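Trainee: Could you walk me through this one slowly? I would like to learn how to read it piece by piece.
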Amino acid sequence: LQASLVGVKVKGNGVESNAVRFVVGGGESLTNPLVSGMTPSSGAAGEYITITGKNFGSNVGSVWFKQSAQSEALLGDFTFPDACKGVVWRDDQIIVKFPLNKGAVNTSYYVQIKTADNKLSSFDGAPVFALKAGSPAPGICKISPLSGTSPFPANQTMTVSGEYFGTNSLVYFWKPGANSSSVDGRLMVDAGSVVASSDTSIELK
């Protein structure tokens with residue numbers, strides 16, 4: 001196998017299991033950016049997209065959205081609220097936005113990472129983002145602090161920063177087993193715990 005992301009399945013009694021990605025590495029590719037996951041897999045222009053993996057580096061590079069290996073790349077948008085500056089690109093995680101006023105609705109785009117030192121993730125096995133019509137979903141780019149006790153100590157708050165929060169937004173903490181299609185397994189923050197709220201920030205106590 002060439003260095004790439006491949007799917008692994010088990011076939012038992014004639015029935016195939018779900019597929020889980022496995023990274024095949026080799027040679028120089030061991031230092032190239034490797035993408036292991038992306039969420040969400042579809043959304044509108046401006047959508048916040050979280051990409052996980054490794055070897056992204058500590059300096060901001062670029063995220064490419066391409067219809068094919070040969071097509072021109074659309075550059076991901078890193079315009080975020082001031083609170084999120086310096087935290088959206090890490091060696092193992094990138095938060096990026098699909099660029100506004102770019103791309104064709106109902107079209108799928110392969111996602112590639114180009115690091116600040118010009119290393120490129122593989123196109124083979126690249127995750128796919130489907131551009132949809134409409135408005136982007138609420139997007140989170142920073143939570144501060146990232147850990148704490150429950151309930152918070154007196155006079156301590158947590159701030160969720162991002163965009164498209166709107167008014168009267170609900171905040172959920174996901175428990176093990178929660179999924180995006182159901183509220184089961186999620187803990188909703190009581191409205192009385194919201195100290196302040198705007199389109200780009202929610203403060204909780």
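Trainee: Which residue is the bridge partner of Thr159 in β18?
Mentor: In β18 the bridge partner of Thr159 is Glu203, and the two strands concerned, β14 (residues 158-163) and β18 (residues 201-204), pair in the antiparallel sense over four bridges. Strands here are DSSP runs of E with at least two residues, numbered from the N terminus, and two strands count as paired if DSSP finds at least two bridges between them. Please keep in mind that this is a predicted model, in which local features need pLDDT of at least 70 and side-chain atom pairs count only at pLDDT 80 or more, while totals for chains, interfaces and linings use all residues. Residues are numbered from 1 along each chain as its sequence is written, and side-chain values use heavy atoms, with hydrogens and water left out.

Trainee: OK, and in what order do the strands of that open sheet with β14 and β18 come?
Mentor: The order is β13-β14-β18-β17, with antiparallel pairing in this open sheet of four strands. Because β13 (139-144) and β17 (194-197) stand at the edges with a single partner strand each, one side of each is left without a neighbour in the sheet. From one strand to the next the twist averages 15°, where axes are lines fitted to C-alpha atoms and angles run from 0 to 180 degrees between N-to-C directions.

Trainee: Which strands form the open sheet with mixed pairing?
Mentor: That sheet has five strands, in the order β6-β12-β11-β8-β9. Its edges are β6 (42-43) and β9 (74-75), each having a single partner strand, so one side of each lacks a neighbour in the sheet.

Trainee: How many bridges join β8 to β11?
Mentor: Five bridges join β8 (residues 62-66) to β11 (residues 107-114), and the two run antiparallel.

Trainee: Switching topic, how many salt bridges does a search of the whole structure find?
Mentor: The search finds three, a salt bridge being a side-chain nitrogen of Lys or Arg within 4 Å of a carboxyl oxygen of Asp or Glu. One of them joins Glu163 and Lys97, at 2.8 Å from N to O.

Trainee: Why does that pair tie together parts that are 66 residues apart in sequence?
Mentor: Glu163 lies in strand β14 and Lys97 in strand β10 (residues 93-97), so the pair ties together parts separated by 66 residues in sequence.

Trainee: Are Glu163 and Lys97 buried or exposed?
Mentor: Both Glu163 and Lys97 are buried, where buried means under 20% relative accessible area, exposed means over 50%, and partly exposed lies in between (1.4 Å probe, protein chains only).

Trainee: What about Asp82 and Lys85, buried or exposed?
Mentor: Asp82 and Lys85 are both exposed, and their side chains meet in a salt bridge at 3.3 Å, N to O. Another salt bridge links Arg90 with Asp92, whose closest N and O atoms are 3.2 Å apart; Arg90 counts as partly exposed at 38% relative accessibility, and Asp92 is partly exposed with a relative accessible area of 36%.

Trainee: And how many helices and strands does the protein chain have?
Mentor: The protein chain has zero helices and 18 strands, and of its 205 residues, 32% count as buried.
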